[in-house]
Amino acid sequence: MKIIFMGTPDFAIPSLKKILQSNHSISAVVSAPDKERGRGRHISSNPVKEFAIKEGIEVLTPLNLRDPLFIKRLIELNPDLFIVVAFRILPKEVYSIPEKGSFNLHGSLLPKYRGAAPIQWAIIKGERETGVTTFYLEDKVDTGNIILQEKLVINDDDDFGLLHDKMMLLGADIILKTLDLIESGNVELKKQDDSNA
């Protein structure tokens, strides 16, 4: 399948690597524009953009996701699927472009901890387990039908950094499984129970 991958931080890189090592092809990467970082306020690229450039992949960095030129380029690339890992909220005119839809990787067992900082919230709330979820994008954030979920035990010595890294690797595995399910047409979707959000 032809994929456009959307992501910005380190968390997304193992997923991008796994896809590149698979039989699927990445037509382009969409990431955040360069910005000032650090004490010296030097302009620099984000981890996903830097990785994609090293791999020779076309990178799109729109300021506005509704920019007609950006949308035109996405359509020209004729993708089968969009994959979103730690990026921005996509408008419908973007996520509805691919024939096979758009899915997101979320760092919780949805519908629990929808929205920002799901790893932090699982630790703050004293959860004993968490996990990752892939789901199709819909208009409301993190509410789409679930494709796959995998659980992960939270150990007593897990802090944000340790849990982040475990989930980053687990997320890459579930992305590949999700891709294979979509390609085979064997996806069994599960509707989210909003009462548990």
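Which residues does T143 touch, not counting residues up to four places away in sequence? Select T143 and look around: R114, F135, E138 and Q192 are in contact with it, where contact means heavy atoms within 4.5 Å.

Before moving on, a word about the model. It is a predicted one, in which local features need pLDDT of at least 70 and side-chain atom pairs count only at pLDDT 80 or more, while totals for chains, interfaces and linings use all residues. Residues are numbered from 1 along each chain as its sequence is written, and side-chain values use heavy atoms, with hydrogens and water left out.

**Stop 1: T143 and its loop**

Stay on T143, which sits in the loop between β8 (129-136) and β9 (146-153). Helices (H or I, at least four residues) and strands (E, at least two) are DSSP runs, numbered from the N terminus. T143 counts as buried at 18% relative accessibility; buried means under 20% relative accessible area, exposed over 50%, and partly exposed in between, with a 1.4 Å probe and protein chains only. Now show K140: its backbone oxygen lies 2.7 Å from a polar atom of the T143 side chain.

**Stop 2: strand β8 and its partners**

Next, select β8. Because seven of its eight residues are buried, β8 is largely enclosed by the rest of the structure. Two strands pair if DSSP finds at least two bridges between them. β8 and β9 run antiparallel and are joined by seven bridges; pick G131 to find its bridge partner K151 in β9. β7 (102-106) also pairs with β8 in the antiparallel sense, over four bridges. Here, pick L105 and look for T134, its bridge partner in β8.

**Stop 3: the largest pocket**

A pocket is found on a 1 Å grid over the protein atoms alone, as an open set of points where a 1.4 Å probe fits, with protein on both sides within 12 Å along at least five of seven lines; lining residues have an atom within 4 Å of a point. About 630 Å³ of space lies in this pocket, a volume being the space filled by probe spheres set on the points, which are joined across faces, edges and corners. β6, β7, α5 (118-124) and α6 each supply at least two residues of the lining.

**Stop 4: A32**

From F87, step to A32, one of whose contacts is F87; T8, N46 and T61 also touch A32. A32 lies in the loop between β2 (25-30) and β3 (35-37) and is buried, with a relative accessible area of 18%. Draw a C-alpha to C-alpha distance from A32 to V48: they are 16 residues apart in sequence and 8.8 Å apart in space.

**Stop 5**

V48 belongs to helix α2 (residues 47-54) and is buried, with a relative accessible area of 0%. Leaving aside neighbours within four places in sequence, its contacts include G7, T8, I13, L16 and V29. I13 and L16 lead you to helix α1 (residues 13-20), where I13, P14, S15, L16 and I19 are buried. Colour β1 (2-7), β2, α2 and α6 (160-184) to see part of what covers them.

**Last stop: β1**

Finish on β1, where five of six residues are buried. β1 and β2 run parallel, joined by five bridges, and M6 stands opposite V30 in β2.

Notes. A polar contact is a pair of N or O atoms within 3.5 Å; within protein, one must be able to donate a hydrogen and the other to accept it, and residues adjacent in sequence count only if both atoms are side-chain atoms.
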